[in-house]
Amino acid sequence: MIRLVKRPMPSKFWSWTTPLVAVIATMIAGGLLFAILGKNPVEAIRVIFWDPLFGPNADYFRSQLLVKAAPLILIACGLAVGFRAGIWNIGAEGQYIIGAIFGASLALAVYPAESWFLFPAMVVLGAIGGLLWGLIPALLKVVFGTSEILVSLMLVYVAQNLLAYMAFGPLKNPEGYGFPGSRNLQGYPSAFNDELMAGTGVHWGVLAALGAVVAIYVLMQRHIAGFRIRVAGEAPRAARYAGVVPARLIVFCLCLSGALAGMAGLFEVSGPSGQITDSFNVGYGYTAIIVAFLGRLHPVGILLAGLLMALTYIGGDMAQLMLGLPSAAIQVFQGMLLFFLLGFDLLTNYRIRIGGARA
Amino acid sequence: MIIGGIDIITLISMLMVASTPVLLAATGELVAEKSGVLNLGVEGMMITGAVAGFATAVSTGSPVLGFVGGALAGAAMAMLFAILTQVFLSNQTATGLALTLFGLGLSALIGKPFEGVRPPATGKVPFGPLSDIPVLGRILFSHDWVVYLSLLLVAVTWAFLKFTRAGLILRAVGENHDAAHALGYRVIAVRCAALAFGGALAGLGGAYLSLIRVPQWTEGMTAGAGWIALAIVVFASWRPERALIGAYLFGGITALQLQLQAAGYAIPVHLLSMAPYVLTIVVLVLLSVVHRRGVQAAPAALGRSFHAAS
Amino acid sequence: MTEILLKIDGLTKAYPGVVANDHVGFSVAPGEVHALLGENGAGKSTLVKMIYGLVKPDSGTMEFLGRPYTPAEPRAARAAGVAMVFQHFSLFEALNVAENVALGMENPPPMRDLAKRIREISQAYGLPLDPARLVGDLSAGERQRVEIVRCLLQDPKLLIMDEPTSVLTPQEVEILFRTLRKLSSEGTAILYISHKLEEIRTICDGATILRGGKVVGSCIPREKSARELAEMMVGGEFAATERVSRPFGAPMLEVKGLSLAPLSQFGPSLKDISLSIAAGEILGIGGVAGNGQEELLATLSGERPSAPGTVWMKGADISALGPNPRRALGLMSAPEERLGHAAVPNMSLTDNTLLTGTIRMPLVKNGFLNMAEAKAFAEDIIREFDVRTPGPWVAARALSGGNLQKFVIGREVLQKPEVLIVNQPTWGVDAAAAAAIRRALLRLAEKGAALIVISQDLDELMEIADRFCALNEGRISAPRPTEGLTIDEIGLMLGGAHGMEVPA
């Protein structure tokens, strides 16, 4: 008989070991999945996890790694703060879209005027866009007690339709021969979020992501505000006792995560993606949820988890190209990772005892 | 009967079809939540049901088997959730999200070969002369059997929760799992059963989307229907009869916006398509206002993990 | 001849790190009211859980009516004729009385018949109940009636009662005892768990005394004095708290016409509360938990703001201030719920000092945490208040109730509050820790702080408070000096017995 015994204290060891165990378990289960799909599992795992880093053309892929990891890390850092506090913003995808629309709209409105402060203004506007989109569920929760989970998620669909409307309507490229989609900002120097060093993949968004990791680390681990956020998630009544005003906390967490997601959207639309199209968003807002959990809601963990997730994206693309592995397989892979993580998390708080009652 | 270019009878008749997937999913989730478990993975279970139902129906040629397959797939997903949250005591919110993300990926993977395929048709229930009754005939007696099954399930759920001892135990577990445990009820078993039921209904709702409502398989075709089902449970204050109203209200808006699109109103399609989601938010807000005034409708133990200390 | 209903022999149950029951044995005769006497943590709860089938013993035997008795689950225990009234009620607030009763029965009759039987039984035993009412709307005493009636409907041969009087007013205790005597005269045996000595002397025919999981004695309680019983229970001389009269200073905290709407459907409200407390004074507020105690503490501590002009400290209106500004003024509090309110279960003791210590202690600099100071403060608390723990890095949830309570009280007391409000400071705490906490509170008052002690334990309030008032259904009675107050007067202040008239 197997029994669970609650540990007197959460295990630090398991708290950091479970993500690794989960990754290994996912690789095994993923290998089985690939085998079922008729692919050689060892080769698939190699193509996904090894080749992008150390195979041919690794230089290019390493730069792509940063490009893909940056938005994930940026969004996940914001989400992690909320998740710590027990505030569930799962609509980062929508905030990401709105951030992109806000920032890009400015550039498209003033096109083709050149100025050095256009790009900073776009970043600010992108953050504001995401913040406002996050503020909606925050205010509804504070004023009416509406579930922020459902509202933020519903707003993703609203944002997606708004994005399509913009791409087909107001933001459509007047010189685009009737195709949907805006002008490409990559061809607009003042608005282009170009690589800062050629070939490295490092653009402003990458720096922002690293900045977010540091800032969130300081906030959450060193500052009294972060301490109170952690208390709010662990024990809401203790947080009130410690002087936390729940309404302010809700607004802060949703605005912070919204602003970071909005910035991520702006860096993406003005850089790697280049234009507003109805398929501009690729699910970073959802994958960032996995990144946040895999990184134990800790900024350093998120940095590593973001890179790992980016790797699965790039490796997934390669596997699709070279082995004909369906792109959805990677999505399944990411989902499995989160499942294993949540399952193994048990070990952090419980000991597993094998043997009967006569222990 | 045509008002502003919209045929009201067609609208009402469409509404019932448009509502059925969310009605099924919401009824299932309602039972799960009544037992005290918040499963945010409805979207994932629904879309898995959609693809499994579709695949089964296409391979066997039988829509009925398709629905069975969809329900089983949804229940299987729910059991995954049950194992993680009830046995491994994982956080219900996070696990529900994981279930949704996993379901979306899995369904896309399974569904690839089925894109562009037409499923076997599900016929309407032959009501004979009843369906020729003016107005009522088209509204009430012109649907496939799943529409009637969904209504029956709502009634059965209502009666189960209100009148049966098993329903009483389920509610008790959702109110106070420690007390239920102290009285000797098997909290985890009750919750697993409720989750399986919820998953089966979500799967059934998904299968209805891919086999009848659309009918074809496209990636991500549930488009938030599972989340709307969750919202409807809140709207319904955890009462099956009100879930019916909620689902039909939502279905009505969906049908209306489709009709408006078809009627050629000069409103951009994408803005019209937002309507169901915006409406869901508005309704949630209105309901929150009502709930603030006293009555606490949610099961008291909703979302809390149970671990017998002894 | 002496019949034996329940015979227990060599019952042992161990949990990791603690032997909850160590070869426990005793027996109960039909119709006997048998006391299980012991401190918190003596193993009483584990023992009755084994009798009720909730916990399986590691070893030992039980016999019921001369037959081996090994209940695998509560259902089996109920089928055998064992019923139990829980200390923390096993009730469902959102369900009505009849539904609650039905859940505790194996084969309940249809609801309408059941409602009729509930009325009959409850009237017959002097415990009136309306089957259609929601349990959430009932007082603690009425809720206990639901539990008792639920048991009685099963015609139990043995009724287990776990600390039944802790939530009752003295008048309600009287009613309960009448019911128990009636049951006992009809042949039902009662296993009565308590640490209240006078009660046991009043009602019980026999007693088994537990200490540290072992049986340390048995006696006929009527033949022993309360002091003898206490010494058997605690295992040594019983140190009473010394009391010196103190001079009172200027009024420190005043509450004027404070009202508060309930937070939730079944939550209590506060109605027009006024009180005043002077420096050096201890005001005891008695009453059954759930009558507004938590709400009163929350409004005084600043966790819930109240209307302007309702809470005053040293002549200034502080109604709008949150907990931290109030701490800056010297008003501290310690809520009842230790795990999850006064302390964060998963955080270390060091982290837990940061909950309230960032204002009056140098634990934070420019908003940044000073963990070295926090650790030093935690160590101070551990030392001065004799908190038994391996060190300040230990998570709060790993501490026993008594030790964590000492930590919580110590954390507030060491910050030198001018006003301290505590709710149930010794609830679920062993006698030694309780005495230490009471001494600390008295010392604080001697130094000139004003204290409000909210407690269900009337003996405790009589021991340390200068004035006493009762909080009942959100209303507070006029405070009276504790000296010379009789138990009947207190009972009436507490509102007597609740809900004795039920529409038929």
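1. A residue is buried if 20 or more other C-beta atoms lie within 10 Å of its own, exposed if 12 or fewer, and partly exposed in between. Leu65(C) has 15 C-beta neighbours inside 10 Å, and therefore counts as partly exposed. This residue sits in the loop between β4 (59-64) and β5 (67-68) of chain C. The model under discussion is predicted.

2. Chain C as a whole contains 16 helices and 23 strands. Its radius of gyration is 24 Å, close to the 23 Å that the globule rule gives for 504 residues, so chain C is as compact as a globular protein of that length. Along the principal axes, the C-alpha atoms of chain C fill a box of roughly 70 × 50 × 45 Å. Of the 504 residues in this chain, 49% are buried. Among contacts in chain C with a separation of 6 or more, 68% are between residues 24 or more positions apart.

3. Within chain C, helix α11 (residues 349-356) is mostly covered, eight of its eight residues being buried.

4. Chains A and B meet through 39 residues of chain A and 40 residues of chain B. On the side of chain A that touches chain B, at least two residues each come from β1 (2-6), α5 (118-144), α6 (148-168), α11 (284-294) and α13 (328-344) of chain A. That side of chain A has 28 nonpolar, nine polar and two charged residues.

5. Chain B is also in contact with chain C, through 15 residues of chain B and 19 residues of chain C. The elements giving two or more residues to the side of chain C that touches chain B are α2 (74-80) and α3 (97-103) of chain C. Helix α3(C) gives the most, with three residues. By class, this side of chain C divides into ten nonpolar, four polar and five charged residues.

6. Packing inside chain A may be considered next. Helix α3 (residues 58-84) of chain A packs against α11(A) at an angle of about 60°, with the axes 8 Å apart. That angle makes α3(A) oblique to α11(A). Their crossing is right-handed. Residues of α3(A) in this contact include Pro71(A), Leu72(A), Ile75(A) and Phe83(A), while those of α11(A) include Tyr284(A), Gly285(A), Ile289(A) and Val291(A). The contact of α3(A) with α11(A) has twelve nonpolar, two polar and no charged residues.

7. Tyr111(A) and Pro112(A) are joined by a cis peptide bond, with omega about 5°. Pro112(A) lies in the loop between α4 (92-110) and α5 of chain A. Arg296(A), in the loop between α11 and α12 (299-323) of chain A, has a positive phi of about 60° although it is not a glycine. Is Arg296(A) buried or exposed? Arg296(A) is buried, because 20 other C-beta atoms lie within 10 Å.

8. In chain B, Phe114(B) is found in the loop between α4 (92-111) and α5 (136-140). Phe114(B) has 18 other C-beta atoms within 10 Å, and so is partly exposed. Not counting residues up to four places away in sequence, Phe114(B) touches Phe54(B), Ala55(B), Val58(B) and Trp217(B). Phe114(B) and Val58(B) are 56 residues apart in sequence, and their C-alpha atoms are 8.4 Å apart in space.

How values were computed: Residues are numbered from 1 along each chain as its sequence is written. Chains are lettered from A and ligands numbered from 1 in the order in which they are written. This is a predicted model: local features need pLDDT of at least 70, side-chain atom pairs count only at pLDDT 80 or more; totals for chains, interfaces and linings use all residues. Two residues are in contact if their C-beta atoms, placed from the backbone, lie within 7 Å. Helices (H or I, at least four residues) and strands (E, at least two) are DSSP runs, numbered from the N terminus. Ala, Val, Leu, Ile, Met, Phe, Trp, Tyr, Cys and Pro count as nonpolar, Asp, Glu, Lys and Arg as charged, and the others, Gly among them, as polar. The radius of gyration is taken over C-alpha atoms; the globule rule is 2.2 Å times the number of residues to the power 0.38. Axes are lines fitted to C-alpha atoms, for helices over the stretch in contact, and angles run from 0 to 180 degrees between N-to-C directions. Angles under 35 degrees count as roughly parallel, over 145 as roughly antiparallel, 65 to 115 as roughly perpendicular and the rest as oblique. A crossing is left-handed if the near helix is turned anticlockwise from the far one by less than a right angle, and right-handed if clockwise.
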